[in-house]
Amino acid sequence: MEHHSFPLIIPFLIFTGAAVIATFALYARQAMLVGYIILGLIMGPAVFKVVDSGMEAMRIASNIGIVLLLFLLGLNLSPIKFIKVVRTTIGPTLVSSVIFTLPGIAIGYLLGFDAISITLLAISTMFSSTIIGLKLLPTTVLHHKSTGEIIISILLLQDVIAILIILGLRLFYGNNEELNSSLPFIKMLMLPVMVALAYLLQKHLLVKLLSHYDKIKEYVFILMIGWCFGIAQLTAWLGFSYEIGAFIAGVLMATHPIAAYVADALNPLRDFFMVIFFFALGSSIEPGAVGAIWLPALILAVILLALKPWVFEWLLHRSGEEKARAKEVGLRLGQGSEFTLLIIALAAQLGIADKLALSLIETMTLITFMISPYLIIKKYPSPVALDDRLRRD
């Protein structure tokens, strides 16, 4: 009996623990994903040693969450819509991304990190959190006001940049090849072939199946999951990552009328596996490493929390946005990003950066996750605002 019941303690610890700690997080007006990471830290090798951060089943489940996250991002990235919404924000987004790398470069250089670690540290400061940015927007602002459109377009652009970085890391370091190897360039030549093949499958097979059976919701649900992981596996066979394949699968379906329904239907499944991802991330944290870099991580976090709102406000106001709206967008995008955590998790898996640098990035990101939501809900409308006058669904 003990042999069969033991594996069930893992989902019990993850999801019952997540429910408890998420409750505390909401009372403290914090992002729930911070709670999942803290839970993983407590249950992992660093504290109670209840779970092993290297457990294969947990690693696979967390990877499924990443694949679904990128598939859903692709579903919301209709090329026509994307071009329309980013037309006015591409300049501020790119310029701000360059500005935000400067503190990371400076601190990495002062700490004596190697070139790759400094590059990853610089990259980690570029992005804002899609989860926090959208979750703290009232529905009316998110879908019907310019503030929501600006935030969505900036986050989409940042997410595309992050995905390109993930692709680059996979291409150049996926097989531990040196930069001067020809393998990454051969893979790049295969990318259009893979996209073309996926497009043909979508046009001549998937769309026809949907046109015949789109009234059967269970079939649509299963078909879309099969499409996501089918294209992900195809890209893996061709030498790319599952994540890139899932993103391409989503983009190819983004123009189909059923994309919005699929995105809504898959959100709970994505959230289920993303809880495991953040739990696994927390279980991999080494307190000894955090203790060695907490001060530079805190300094970098404070710099970004002050710099990001000001830079976004300045750039958006210069591009023609109202000063008040530009200021609100800036504060709402003042934190780090979950994509930063994905990038450093990949870097750790590939073994291409100093572990101390990765711990610094992770700690810095978590600090911004804890402080930024509090600043947002204290000043602007949100579903979990402290002031009743600011609480909006």
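**Walking through the model**

Me: Let's start with a side chain: how does Arg325 count by accessibility?

Reply: Arg325 comes out at 21% relative accessibility. The cut-offs are under 20% for buried and over 50% for exposed, with partly exposed in between (1.4 Å probe, protein chains only). So Arg325 counts as partly exposed.

Me: And what kind of model are we looking at?

Reply: Residues are numbered from 1 along each chain as its sequence is written, and side-chain values use heavy atoms, leaving out hydrogens and water. Local features need pLDDT of at least 70, side-chain atom pairs count only at pLDDT 80 or more, and totals for chains, interfaces and linings use all residues, the model being predicted.

Me: Which residue does Arg325 meet in a salt bridge?

Reply: A salt bridge here takes a side-chain nitrogen of Lys or Arg within 4 Å of a carboxyl oxygen of Asp or Glu. For Arg325 the N to O distance is 3.6 Å, and the partner is Glu321.

Me: How many salt bridges are there by that rule?

Reply: One of them joins Glu313 and Lys323, with their closest N and O atoms 3.2 Å apart. Another joins Glu328 and Arg332, at 2.9 Å. By this rule the count comes to six.

Me: Which helices does the Glu313 and Lys323 pair link?

Reply: Glu313 is buried, since its relative accessible area is 15%, while Lys323 is partly exposed at 48%. Helices are DSSP runs (H or I, at least four residues; strands are E, at least two), numbered from the N terminus. The two residues are 10 apart in the chain, and the helices they link are α15 and α16 (residues 323-332).

Me: What about Glu328 and Arg332: buried or exposed?

Reply: They both lie in helix α16, four residues apart, or about one turn of the helix. Glu328 has 14% relative accessibility, so it counts as buried. With Arg332 at 1%, that residue also counts as buried.

Me: On to the aromatics: how are the rings of Phe100 and Phe312 arranged?

Reply: Rings of Phe, Tyr and Trp (its six-membered ring) pair if their centres lie within 6.5 Å; planes under 30 degrees apart are stacked, over 60 edge-to-face, and the rest tilted. The structure holds six aromatic pairs. With centres 5.4 Å apart and planes at 65 degrees, the Phe100 and Phe312 pair is therefore edge-to-face.

Me: How many residues apart in sequence are the parts that this pair ties together?

Reply: Both Phe100 and Phe312 are buried. Because Phe100 lies in helix α6 (residues 90-110) and Phe312 in helix α15, the parts tied together are 212 residues apart.

Me: Which charged residue sits over the ring of Phe100?

Reply: The rule asks for NZ of Lys or CZ of Arg within 6 Å of the ring centre and within 35 degrees of the ring normal. Here the charged end is 5.5 Å from the centre, and it belongs to Lys308.

Me: Which residues form a nonpolar patch on the surface?

Reply: Patches use residues with over 30% relative accessible area and no salt bridge; like charges are joined within 9 Å and nonpolar side chains (Val, Leu, Ile, Met, Phe, Trp, Tyr) within 5 Å. Leu298, in helix α15 (residues 287-318), is partly exposed at 32%, and Trp294 is partly exposed at 46%. The patch has about 520 Å² of accessible area together (Shrake-Rupley method, 1.4 Å probe, only the protein chains shown counting as cover for residues). Its members are Trp294, Leu295, Leu298, Ile299, Val302 and Ile303.

Me: Which residues does Ser372 touch, beyond those up to four places away in sequence?

Reply: Ser372 is in helix α18 (residues 355-379) and counts as buried at 2% relative accessibility. Its C-alpha atom is 7.2 Å from that of Leu305, 67 residues away along the chain. Taking contact as heavy atoms within 4.5 Å, Ser372 touches Leu305, Leu331, Gly334 and Gln335.

Me: Last one: what is the phi of Lys49?

Reply: Lys49 sits in the loop between α3 (32-43) and α4 (56-75), and counts as exposed at 59% relative accessibility. Most residues other than glycine have a negative phi. Lys49 is not a glycine, yet its phi is positive, at about 60 degrees.
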